[in-house]
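Hi there,

Have a look at it first, then read on.

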Amino acid sequence: MRLIIKEYISQLKEKDELDLLLLELLVQNGYIADNIPRTGNRQYGVDIQLHNKEEILLMVIKQGNIDRNMWDSGPNAVRQSLDEIKDAYIELLTEQEKNKRIKIIVATNGVKEESIRINWKGYIDHNKVWNGKNIEIEFWGIDDIVKLIQLNYLNEHIFEQSLQSALRKALYFVEETDYKKEYYETIVKTLLEKVKTGTNKEIKKSLTSLHLSCEMICQYASNSGISKIAVNVSEYLLIQYWKFLLQNNYFEKKKWLEWLLKFCRNYEKWSDIYYQKIREVCIDPNLFPNYNIVENRIILNEVMGYLTSYATYLFYYKQEKAILVLNDAINLINNYPNMVYAPFDSDIGIKLSLYRLLAKYNRTEDIKILLEDQSRILVNYYRKQHRYPAPSDSFAEAINIESCNLTEEYKYSAFWGYTLLCIACLDFESLYNEINDFLNDDLKQVTKCIWFLRQDEEEIYYERYAMNLSGEGVELSAENNYTDFKRKANFILSQYENETMSFDKFNFEPLEIITCRYYGYIPRINVNLLFS
């Protein structure tokens, strides 16, 4: 475990990562933070200031080993930071603060190299008193930080052997093609259970351990070049923490919402790293590898799912960035038209997430174009080659359908059920009339199904297989004429129009889309959601 923690700490950036972790560690040890690190602020050598009853603690934080250059070369060197504290920062302290013991800590996620040991000792020996005030100067290297983490968070009471094993597996198997989510899911669920029963101090330890362990997995996955695992981990943490808030009615309690904001920032950070890596593929169609045609469509739809979830999240917080991500998602469709034919039936969920996002920008015509293309392609594939999205979401089944080596009849389809629902919500009568014969004749034996969840079952929604264990499945079949079909669709929708979820009440729609992407669920669709 020590080696795992050390590996993680060594990868942290100085700003907004290592400094925030050290701040959390010291607060856990009873200090009170006087400032929170902010990139770009004038700091006069001090990255963090904290205090307790007896002591003022000033921290200088650096990344990597402290060698000769880092010690005394340039305005950001350690010695220059210490001199700036001596010459300027100390004078900014109040008289009450100056009456306390003053300790300065130089902290790094590296080590103090042998080449500067004499310089360090000389500086300490000559700087024990500043303007008549005794000063203590300490050095914390990576091993000191690891020890602090083990003592405060990942100890035998908070992070027992079984969870340590899960963390090792979550890291060790990152580069496996069939990476199992159960490793990090076990960590998240177990630590959240501890939060329910602990004292205030134990609760904070469990939440910090949860945050730290998930970030370790995310960082390791990102450094291994598999950023989507980092997104998955941050998504799952958000989903389960929201469920925890729902179960305990904590949505309006500040201390719990502060952790939610932390987990949101993590999701945004890892999603952005994934987006930056994948966006070239969205722009240049020649960069995408030449996979098997089914695998190609699976990967493209997977990318679309991540981009749409991220863009929906950004819509509420950073709209300019949301537009960029959305436009890249549209580029993906334009550059790879074969992705319109989804490999799996549940991929209609990704399409609906995109339609809902486009609707926020009043791009109704774009939705109609995409829906029309999608419907025409599926009609053509079925009539000419008897191909259709795999109902079981199985790669083997998708391959069998692609090769026309079918073992079962086409019996049910959420894809066509939700396509019909979209047609009703958009009042897209011309498309309905165009595909009506196909739906009534070619797909006569296929049940076009849609799924609705009641609000009293919301807790189940945040677990795997919720669509099998809860909610209500409804058939939405085509009628002979559009008027009868529209009346039927409106009647079905009216039965569920008052089912309001917690993410509706607290204006966090992105959670619905994130949950659907993570589990492969299908988001709600109706006139209000498309045109709200």
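Predicted model: local features only at pLDDT ≥ 70, side-chain atom pairs only at ≥ 80, totals over all residues.

Residues are numbered from 1 along each chain as its sequence is written, and side-chain values use heavy atoms, with hydrogens and water left out.

Let's start with N52, in the loop that links strand 2 (48–51) to strand 3 (55–62); strands are DSSP runs of E, at least two residues, and helices are runs of H or I, at least four, numbered from the N terminus. Beyond its neighbours within four places in sequence, N52 touches G30, Y31 and K100 (contact means heavy atoms within 4.5 Å).

Next, the aromatic pairs: the structure has 42 of them. Rings of Phe, Tyr and Trp (its six-membered ring) pair if their centres lie within 6.5 Å; planes under 30 degrees apart are stacked, over 60 edge-to-face, the rest tilted. One of the pairs is W259 with F263, tilted at 40° with centres 5.9 Å apart. Both belong to helix 12 (residues 254–283), and they are about one helical turn apart because four residues separate them. W259 is buried at 9% relative accessibility, and F263 is buried at 1% (buried means under 20% relative accessible area, with a 1.4 Å probe and protein chains only).

Finally, the charged end of K181 sits over the ring of Y518, 4.2 Å from its centre, and that of K368 sits over the ring of F428, at 5.1 Å. Here, NZ of Lys or CZ of Arg must be within 6 Å of the ring centre and within 35 degrees of the ring normal.

Enjoy exploring!

Note on methods:
Buried < 20%, exposed > 50% of the residue type's maximum accessible area, 1.4 Å probe, protein only.
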